[in-house]
Amino acid sequence: MNIQTNMILITGATSGIGLSLTKEYLANGWTVIGLGRNIGKLQKLQKQYPGTLVIAKCDLRSKESIKNTFEAILSKFKLLNHFIFNAGIYTTHNFDELSEEVVEETMNVNLISIYRCLLHIRDRIKEPSKSLIAIVSSVAGYRGLPKSIVYGPTKAALINLAESLKIETLKYNVNVKLICPGFVDTPATKVNSFKMPYLISSEKASKIIINKINKKGFEISFPFPFNFIMKFARIIPYGYYFKKTSKLVDK
Ligand SMILES: NC(=O)c1ccc[n+]([C@@H]2O[C@H](COP(=O)([O-])OP(=O)(O)OC[C@H]3O[C@@H](n4cnc5c(N)ncnc54)[C@H](OP(=O)(O)O)[C@@H]3O)[C@@H](O)[C@H]2O)c1
């Protein structure tokens, strides 16, 4: 754990993985700046952690909201240089159900908002003390999947973004981490009607992340062996991959 600032910003702090990460960091003595769009949920959470949880309303669909939130936070917390971009929406549309609105909102929240946040923190992470940029993608970003026609591409793009960012920031003291969870039991995945393989709790997911976040290595992918199965699926030839995955389309 970083003893210099002991302060971290987490997006999507009100639910699921982000909420568990927030609680885990707070339990470890960190000050957390928790972002969410639902002020009621944020205030309720803050009551449990007076003094150590700072809350900020930010709607990641809105360029203005991101600008106002980040300008205010960065000017107030001059030592803040640890960021976990976790917030995201899980959409399970197939091609027939797809609408422009869903594409726009999912791309905005899951991908474009992260670029916007990165532009705001670009100068901050170049400062001498070691900074952290962690991006929560998914194993769903490894390869095209059924019912993942919008969600999957946002997560695939985040993998590529984190890789580029890692290369580009090697000259600065930045710890870039790519986080690729498998199925985690959160309000988002409650919509799944199928039995999710190797499902883990958000508490377990956050413990895995925090345990590895300041260690060597670029990617935090879990749970084993699901992450390995998904990684293997990444390298098998297209013909075989499509034959196998097409069987899942109408399930
Ligand atoms: N659960 C899984 O199995 C799984 C697997 C792989 C990757 N992931 C990724 O992990 C991350 C967290 O997912 P989760 O399962 O914990 O989901 P979740 O329980 O639905 O939490 C999502 C969080 O993102 C916030 N959020 C959504 N839209 C927002 C917006 N427009 N502006 C600001 N905040 C917004 C939510 O805030 P509100 O409370 O205000 O809605 C909430 O705090 C996501 O990026 C997801 O893609 C999840």
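Q: How far does a backbone N or O atom of Ile17 lie from an oxygen atom of the ligand?
A: The distance is 2.8 Å. This is a predicted model, where local features need pLDDT of at least 70 and side-chain atom pairs count only at pLDDT 80 or more, while totals for chains, interfaces and linings use all residues. Residues are numbered from 1 along each chain as its sequence is written, and side-chain values use heavy atoms, with hydrogens and water left out.

Q: OK, and what about a backbone N or O atom of Gly12?
A: For Gly12, a backbone N or O atom is 3.2 Å from a ligand oxygen. The side chain of Arg37 also has an N or O atom 2.8 Å from an oxygen of the ligand. The cut-off for such pairs of N or O atoms is within 3.5 Å.

Q: How much of the ligand's accessible area does the protein cover?
A: The protein covers 93% of the 890 Å² that the ligand has on its own (Shrake-Rupley method, 1.4 Å probe).

Q: Which residues come nearest to the ligand?
A: Thr14, Ser15, Tyr151, Val184 and Thr186, out of 31 residues around the ligand. To count as near, a residue needs a heavy atom within 4 Å.

Q: And what's the shell like by class?
A: There are 14 nonpolar, 12 polar and 5 charged residues in the ligand's shell. Asp, Glu, Lys and Arg count as charged, Ala, Val, Leu, Ile, Met, Phe, Trp, Tyr, Cys and Pro as nonpolar, and the others, Gly among them, as polar.

Q: Which helices each supply at least two residues of that shell?
A: Helix H1 (16-27) and helix H5 (151-168) do. Helices here are DSSP runs of H or I with at least four residues, strands are E runs of at least two, and numbering starts at the N terminus.

Q: New topic: which residues does a cis peptide bond with omega of about -10° join?
A: That one joins Phe222 and Pro223. Pro223 sits in the loop between strand E9 (219-222) and helix H7 (226-235).

Q: Where is Pro225?
A: Pro225 is in the loop between E9 and H7, and the peptide bond from Phe224 to Pro225 is cis as well, with omega near 5°. Most peptide bonds are trans, and most residues other than glycine have a negative phi.

Q: What's the phi of Lys147?
A: Lys147 isn't a glycine, yet its phi is positive, about 60°. Lys147 belongs to the loop between strand E5 (131-136) and H5.

Q: How exposed is Lys147?
A: Lys147 is partly exposed, at 35% relative accessible area. Under 20% would be buried and over 50% exposed (1.4 Å probe, protein chains only).

Q: And what about Tyr198, which is not a glycine?
A: Tyr198 has a positive phi of about 55°, and is partly exposed at 43%. Look for Tyr198 in the loop between strand E7 (184-185) and strand E8 (200-201).

Key:
Polar contact = N/O pair within 3.5 Å; in protein donor to acceptor, adjacent residues only side chain to side chain.
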